[in-house]
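This explanation walks through one protein chain, from two single residues to the way its parts meet. Please keep the sequence and the structure in view while reading.

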Amino acid sequence: MSTKIFVTEKIPDKGIIALQKQGYEVAVSEKDGPLTREELMVALTGKEYNAVLSLLTNKIDGEVFDAAGKQCKIFANFAVGFDNIDMKAARERSIYITNTPDVLTETVAEHTFGMMLALARRMSEGDRFMRKGLYKAWGPMLLLGNDVSGKTLGIVGLGRIGARVAHHAVRGFDMKIVYYDVVRNEQFEKDYGAVFVPTVEDLLPKADFVSIHVPLLESTQHLMNDVRFKMMKKTSFLINTSRGPIVEEEALYRALYDKTIAGAALDVYEKEPKIDPLFFELENILLTPHTASATIETRQKMSEVAANNIIEALAGRVPPNIIVIK
Ligand code: GLV
């Protein structure tokens, strides 16, 4: 019997080609966009797939695993995050879950940094201004922003991406780093002259820019809320390229409207893909559609990494990017 793989949405082709080279039968969802839960259940039920290449838009729980069947050894997530997957249900069924770390670190760090610059220098406001035909003359007071160089960047979550954003900040923009993480990294402190703080509350009043890089967990949901926004400087900016529910959007709206903070940039949303339309009325927010890892090169690499995890698992080996939750 042939080995069958299901890919829940069209992805860049390198991984698909790699799977086909193994002689696998690869079925890719033909829908333009994410499958609904019902569509995913129908797509999997009775099809006897040996592996599923899933996306962060697929909510995967015990029912979905059961629909896929016992012969299905692995769900390879096309993302570094895996909060869309019920890890306990996977563990109970001995299904491998893998992600695509490393290959997207630089790309997400670039996007984060780009948002920081664009926000501080009011680039999206400037773009809107130009498109409305409002530019009449160079003006000494026109759209004045803030410098980034030399300022203090607060990194919340010093994983791969947070550390890379800090690298660009220090090496490229002479910024100072203050960071919070559950684990202290003294080597990082030496390398970048960074200052560790034991709580988020200690970080917020010190930073001119606060960039969020923690995973979505019960403990990080609404990490940024009314109380925490009030701890930030009035002149400071928030950037979130991690997961939407880490920022309580109603509180963020209030903080931006009341000018409790100077501005925010979001790539991810609390009720993604829904967004409160009130945000569109604010000038001091920059919005991108969860595209922080969206470059041709990186999405191809993610495709290859996800495919390789499947190939290794189906060859009876432990896939390289297996997620183990202790
Ligand atoms: C994107 O958000 C990812 O987790 O890869």
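Ser 29 lies in the loop that runs between strand 2 (25-28) and helix 2 (37-44); helices (H or I, at least four residues) and strands (E, at least two) are DSSP runs, numbered from the N terminus. The model is predicted, so local features need pLDDT of at least 70 and side-chain atom pairs count only at pLDDT 80 or more, while totals for chains, interfaces and linings use all residues. Residues are numbered from 1 along each chain as its sequence is written, and side-chain values use heavy atoms, with hydrogens and water left out.

Ser 29 counts as buried because its relative accessibility is 10%; buried means under 20% relative accessible area, exposed over 50%, and partly exposed in between (1.4 Å probe, protein chains only). Its side chain reaches the backbone nitrogen of Lys 31 at 3.2 Å. Not counting residues up to four places away in sequence, Ser 29 touches Phe 6, Val 7, Thr 8, Glu 9, Lys 10 and Leu 35, where contact means heavy atoms within 4.5 Å.

The side chains of Asp 208 and Lys 233 are joined by a polar contact of 2.9 Å. Such a contact is a pair of N or O atoms within 3.5 Å; within protein, one must be able to donate a hydrogen and the other to accept it, and residues adjacent in sequence count only if both atoms are side-chain atoms. Leaving aside neighbours within four places in sequence, the residues in contact with Asp 208 include Lys 151, Thr 152 and Phe 237.

The wider layout comes next. The domain assignment, which is automatic or taken from a database, gives domain 1 (4-101 + 296-314) and domain 2 (105-287). Six residues from domain 1 and four residues from domain 2 take part in the contact. The centres of domain 1 and domain 2, taken over C-alpha atoms, are 32 Å apart.

How much area is buried between domain 1 and domain 2? The value is about 470 Å², with 49% given by carbon and sulfur atoms; buried area is the accessible area (1.4 Å probe) that two parts lose on being put together, summed over both. Asp 83, Pro 101 and Thr 298 supply 68% of the area that domain 1 buries against domain 2.

Between domain 1 and domain 2 the count is one salt bridge, meaning a side-chain nitrogen of Lys or Arg within 4 Å of a carboxyl oxygen of Asp or Glu. The side chains of Arg 243 and Asp 83 meet in a salt bridge, at 2.8 Å from N to O.
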